[in-house]
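Please look through the sequence and the model shown here, and then follow the report below.

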Amino acid sequence: AMGDIWGSMSALSIALETISGDDNFDKRTVSQSLKDISQISSEPPPFPPKFICFEDTKSQELEPVSKKAFHEFTKKIKKHITKIDLPGSFRESHELFETIMDVEITITLKKEFEEYKDLLNPLITERIIRGKNISGFKYLNAKKKSEKIKSALMDFFEHFDAIIAPT
């Protein structure tokens with residue numbers, strides 16, 4: 001997804017370098033040195049990373065460009081990936097997180113939606129409209145279930161450095 005947004009690793013590196021250092025307006029950032037992210041991103045990792053990769057039926061619904069980017073990325077790091085089927089308790093996670101995201105985007109962008117609806121991305125507008133129609137019970141239930149999933153995911157970090165999933 002980062003490749004889709006930034007176009008290249010060097011463009012992403014420049015953006016990260018720009019936002020990670022002293023911004024001349026925030027005294028808390030004055031002591032932060034700029035990191036040469038371009039160089040860091042081109043170096044091999046300090047230890048062999050271990051990734052776990054989940055793929056499920058939702059990954060088949062991705063847009064072609066996202067599918068291609070995910071496939072290319074996983075191909076590059078293939079020797080560091082362990083692929084597993086999504087455990088049963090995770091099967092509803094997409095729906096839960098969409099529910100949570102739709103409601104929270106609705107709350108966060110309430111003013112923008114009311115005042116500048118025509119300027120918002122149609123996908124955001126769609127999420128806000130869905131979020132307005134989600135009951136408080138469904139939202140709170142999704143939050144509760146997502147905490148259980150989050151807790152179960154933490155067990156994976158005992159053995160892996162990161163979880164990779166197409167989104």
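## A serine in a helix

Ser146 lies in helix H8, where helices are DSSP runs of H or I with at least four residues, strands are runs of E with at least two, and both are numbered from the N terminus. At 7% relative accessibility, Ser146 counts as buried (under 20% relative accessible area, with exposed over 50% and partly exposed in between, using a 1.4 Å probe and protein chains only). The side chain of Ser146 reaches the backbone oxygen of Lys143 at 2.8 Å. If residues up to four places away in sequence are not counted, Ser146 touches Leu96, Phe97 and Ile100 (heavy atoms within 4.5 Å).

This is a predicted model, in which local features need pLDDT of at least 70 and side-chain atom pairs count only at pLDDT 80 or more, while totals for chains, interfaces and linings use all residues. Residues are numbered from 1 along each chain as its sequence is written, and side-chain values use heavy atoms, with hydrogens and water left out.

## The nonpolar cores

Which residues make up the largest nonpolar core? This core has 12 residues in all, among them Ile52, Phe90, Leu96, Ile100 and Ala142; a nonpolar core is a set of buried Ala, Val, Leu, Ile, Met, Phe, Trp, Tyr and Cys residues joined through side-chain atoms within 4.5 Å.

A second, separate core has six residues, including Phe51, Cys53, Phe70 and Ile77.

Key: A polar contact is a pair of N or O atoms within 3.5 Å; within protein, one must be able to donate a hydrogen and the other to accept it, and residues adjacent in sequence count only if both atoms are side-chain atoms.
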